[in-house]
Amino acid sequence: MRPRWFAVRVVVVSAAVVVAAAATGTPVPGATARPAGGQQSRDAVGPPTTGTAVIAGVVVDDQEPAKPVRRAVVTLSGEGLRPSRGAITDDDGRFELRGLPAGRFTLMAERGAYVTSAYGAKRPGRPGTAITVTDGAQVTDVRVRLWRGAVVSGVLRDETGAPVGSTMVEAVPAREVTIGLTFSNNGLARTDDRGEYRIFGLVPGTYVVRASRGPTGIASRSEIAHSEAEIDAIFAALAARGRGPAAVATPAASGASAGMIPVTGTHVNAAPIYFPGTPVVTAATPIVLAAGEARSGLDFVVRRVAVAQVRGVVVGPDGSPVARAFVHLGSTVVPTSFAGAMPAPIAGTTGADGSFDIGPVSPGDYRLLIRGDVGGAGGPAGALPWWADVAVTATGADIDLSTVSLRPGLTFAGRLRFAEGGATPPADLAGMRVILQSDTLPVASGSGRGRGGGTNVRVVQPGAVGADGRFEITGLVPGEYRLDVGGGVLDGSGWWLRSAMWQDRDLLDAPLRVGPDAPIRDATLVLSDRRTELSGTIATSGGAAVTDLFVLAYPADAALRASASRRIRAVRPDSAGRFVFDRLPAGDYLLCALGDVDDGAWNEPGFLDQLVTASIAVTLRDGESKVQDLQVR
């Protein structure tokens, strides 16, 4: 399958200047390491900043010829600007921001029915170009373009064909959005009395349309659905009651005691339903939208779905029940094309007898992760947490797992050392911590045996560093983690984690996977205080700064091009054409300029491989600050 990047404009560049600065060299003036989307730090507490600079311009739409957009909200933000500044465009689409200090800023514009856009963006929902101003500068030619948002609309009906009103409908990005690169409006609407919905202002891209009457997790409040025979039996029992004791001598239905109303049936609920009418997200039909496109006729049936309860008993190594164990049920890993639309998980805790009963659960494939303390159940005290990991497939019938046995927590251990050739390493390592973080593993945030809170909260597992630099983190559960070091003398210092070697591979070059069959011991974590940086400018052959491109740095070695690798970076030049890659690990890299690119597209298989011929090679040594200027041919 050919990657989707072929629509991307690749710009051939050449090396104009290569200057190897000293190991302690300073970065290019005015250039800082910033996310491509111009994500800003929160305004620091302090008095408002003022100055003598002015930024002014006009906001226009995406028509040809472009027309001014009146009453658009313009916001300027950036480091050193307290508070952010704003303005509203006049009838000619013009705005003016005065009294600005010198600095590097991001300018955003927004208006209803349009996609929120940044100055310098070449397509809707894409990052823009930073504006660098000096004291007294008069930047009056700023032109911000707003694109019309895409629209989806349709009608919801129930099984009988009747319209379904007061139901929330969402246009959910099918892919996970990279923070700092895409600016997106909310894609929400509620059906009216005719079951109609209309969602506007959407960024071009691929979406999954989802309808729900309650929470959009894998479970919601269940009901009991009876068969016709069961309903007849219920009415017969009620009628018998009305005729007196003599009339209830005969059981009302098979399997029911005399005079008792049957309560058997199938658990159903109003689970989230995805277009074209399925409760399983991976069976949904993706909707691809272009800028300003209006896609109508997305009608589908919202039906009640048979759901399951998942129950069992958690026991320790000696078979004793484990009370207050955390039970979490979440969707299994899915293809990237549906990662952004996955439903939220559910969670609960075991009772005093170790039992749990969670649900209702919509059809699909899930991972049941259980964590608990077995110190009082035959295991060593303080061995937190013990764990169990069970694959669950829900099809509508209740699932009884019987007993689930916990396994000992996993360990990550090694030693910390400081790289030679830099400053004198600190003698006191007290307070230092080796930290494993995960954004995918669940946190025990809910309570109760059947329902619980969402769990997309960062898991932090710290381990103290001893005087000899050794550390050990215990109680880990299987999963992917990010590794870092902090605390003690490291806070506010120039020391940073350069590498984490284990079995001839650097654990920082790919997500650190901890598993039951792959314990990680004797890892060597190396800290360095030597600044490594790759910076430069990108310009035309005539020397004019180029600001509307991405500069992409990626490893020359294809084996290091792992998804979300720290060695793959994309930045936008500022208004002077400057770009900076800060703390890029030493190694051989390729630099490429792209006219535009989908967020995270470089993580797709084959994307980077086909940029090689349009890239130039750069070698970055440890502790080196290198300037690599690029020229657009």
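Some ground rules first. The model is predicted, so local features need pLDDT of at least 70 and side-chain atom pairs count only at pLDDT 80 or more, while totals for chains, interfaces and linings use all residues. Residues are numbered from 1 along each chain as its sequence is written, and side-chain values use heavy atoms, with hydrogens and water left out.

I start with the chain as a whole. The chain has 633 residues, and 48% of them are buried. Buried here is under 20% relative accessible area, exposed is over 50%, and partly exposed is in between, with a 1.4 Å probe and protein chains only. The accessible surface is about 29000 Å², and carbon and sulfur atoms hold 51% of that. Those areas come from the Shrake-Rupley method with a 1.4 Å probe; for residues, only the protein chains shown count as cover. For contacts, meaning heavy atoms within 4.5 Å, I take pairs at least 6 apart in sequence: 76% of these join residues at least 24 apart.

Now the core. In soluble globular proteins, nonpolar side chains tend to be buried together. By nonpolar core I mean a set of buried Ala, Val, Leu, Ile, Met, Phe, Trp, Tyr and Cys residues joined through side-chain atoms within 4.5 Å. Which members of the largest one touch the most other members? Out of 32 residues, they are Phe-412, Met-432, Val-434, Leu-483, Val-485, Leu-525 and Leu-527. Elements giving two or more residues to this core include strand 32 (410-418), strand 36 (479-486) and strand 40 (520-528). Take Leu-527 as an example. Leaving aside residues up to four places away in sequence, its contacts include Leu-416, Phe-418, Met-432, Val-485 and Trp-496.

Five strands form an open sheet in the order 35-32-40-37-38, and the pairing is mixed. Two strands pair if DSSP finds at least two bridges between them. Strand 35 and strand 38 (505-506) are the edges, each pairing on one side only. Strands 32 and 35 run antiparallel and are joined by five bridges. Leu-410, for instance, has Leu-476 in strand 35 as its bridge partner.

On to the backbone. There is a cis peptide bond from Arg-82 to Pro-83, with omega near -15°; Pro-83 sits in the loop between strand 4 (73-77) and strand 5 (85-88). Another cis bond joins Gly-359 and Pro-360, at an omega of about 0°, and Pro-360 belongs to strand 28 (residues 355-361).

Arg-71 has a phi of about 60° and lies in the loop between strand 3 (53-60) and strand 4. Its relative accessibility is 40%, so Arg-71 counts as partly exposed. Asp-522 has a phi near 60° too, but is found in strand 40. Asp-522 counts as exposed because its relative accessibility is 65%.

Last, charges. With a salt bridge taken as a side-chain nitrogen of Lys or Arg within 4 Å of a carboxyl oxygen of Asp or Glu, the count comes to 25. Where do the partners Arg-566 and Asp-509 lie? This pair meets at 3.2 Å, N to O. Arg-566 is in the loop between strand 42 (550-555) and strand 43 (569-571), and Asp-509 is in the loop between strand 38 and strand 39, 57 residues apart, so the pair links distant parts of the chain. Both Arg-566 and Asp-509 are buried. They also belong to a network of salt bridges with Asp-506 and Arg-567.

Two other pairs, briefly. Arg-531 and Glu-533 have their closest N and O atoms 3.0 Å apart. Arg-531 is partly exposed at 36%, whereas Glu-533 is buried at 1%. Arg-295 forms a salt bridge with Glu-293 at 3.1 Å; Arg-295 is partly exposed at 27%, and Glu-293 is also partly exposed, at 26%.

Notes. Helix = DSSP H or I, 4+ residues; strand = E, 2+ residues; numbered from the N terminus.
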